[in-house]
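Thanks for making time for this, everyone.

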Amino acid sequence: MNTELAVAPLGATYTPRLICTTGDRLIHPADGRNDLARIVVRWARAWVPETWPARQYFAALGIGDDENPCYRDEDVIGWHLLQPRPDSLAWRVRSGEIDVTTALTAEAEAWPG
């Protein structure tokens with residue numbers, strides 16, 4: 001049995017079965033790849049809006065908290081993986097600098113429970 005963890009390729013459609021780490025970003029499938037699009041970024045065990053249109057989108061759906069907006073995996077099913085920002089944990093995984101197991105261990109230590 002192969003227990004090695006892997007990450008989905010950029011452009012993949014998100015499902016809760018994909019392994020995402022802090023810094024991974026998703027874009028709504030109906031949007032172009034630009035900073036005005038609906039984009040969320042992985043932070044700890046949740047997704048947070050990276051752009052104002054993303055925040056407005058979820059607010060219109062009645063999802064999230066105005067003070068501390070964050071969304072569950074189920075809220076972003078079907079969105080597409082974008083390239084993470086340089087120097088993020090996700091960037092380090094996707095560039096091969098660290099493996100996904102190391103990234104997940106770092107996350108578990110930073111955000112236990």
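C20 counts as buried, because its relative accessibility is 8%, where buried means under 20% relative accessible area, exposed means over 50%, and partly exposed lies in between, with a 1.4 Å probe and protein chains only. What you see is a predicted model, in which local features need pLDDT of at least 70, side-chain atom pairs count only at pLDDT 80 or more, and totals for chains, interfaces and linings use all residues. Residues are numbered from 1 along each chain as its sequence is written, and side-chain values use heavy atoms, with hydrogens and water left out.

Staying with the cysteines, a search of the whole structure finds zero disulfides, a disulfide being a pair of cysteine sulfur atoms within 2.5 Å. For C20, the nearest cysteine sulfur is that of C70, 16 Å away. C70, at 37% relative accessibility, counts as partly exposed.

Let me turn to the strands, which, like the helices, are DSSP runs numbered from the N terminus, with at least two residues (E) for a strand and at least four (H or I) for a helix. How many of the five residues of strand β2 are buried? Four of them are, so β2, residues 39-43, is largely enclosed by the rest of the structure. Strand β1, residues 25-27, pairs with β2 in the antiparallel sense over three bridges, pairing requiring at least two DSSP bridges between the strands, and here L26 stands opposite V40. On to strand β3, residues 46-49, which runs antiparallel to β2 and is joined to it by four bridges, with R42 opposite W47. These two strands, β2 and β3, form a hairpin with two residues between them, and A44 in the turn has a positive phi of about 60 degrees.

Finally, the charged pairs: the structure holds seven salt bridges, each a side-chain nitrogen of Lys or Arg within 4 Å of a carboxyl oxygen of Asp or Glu. One of them joins R94 and D24, whose closest N and O atoms are 3.0 Å apart. Because R94 lies in helix α2 (residues 89-94) and D24 in the segment before β1, this pair ties together parts that are 70 residues apart in sequence. D24 is buried at 1% relative accessibility, whereas R94 is partly exposed at 24%. Another salt bridge brings together the side chains of R85 and E50, at 3.4 Å from N to O, and R25, E50 and R85 are linked in a network of salt bridges.
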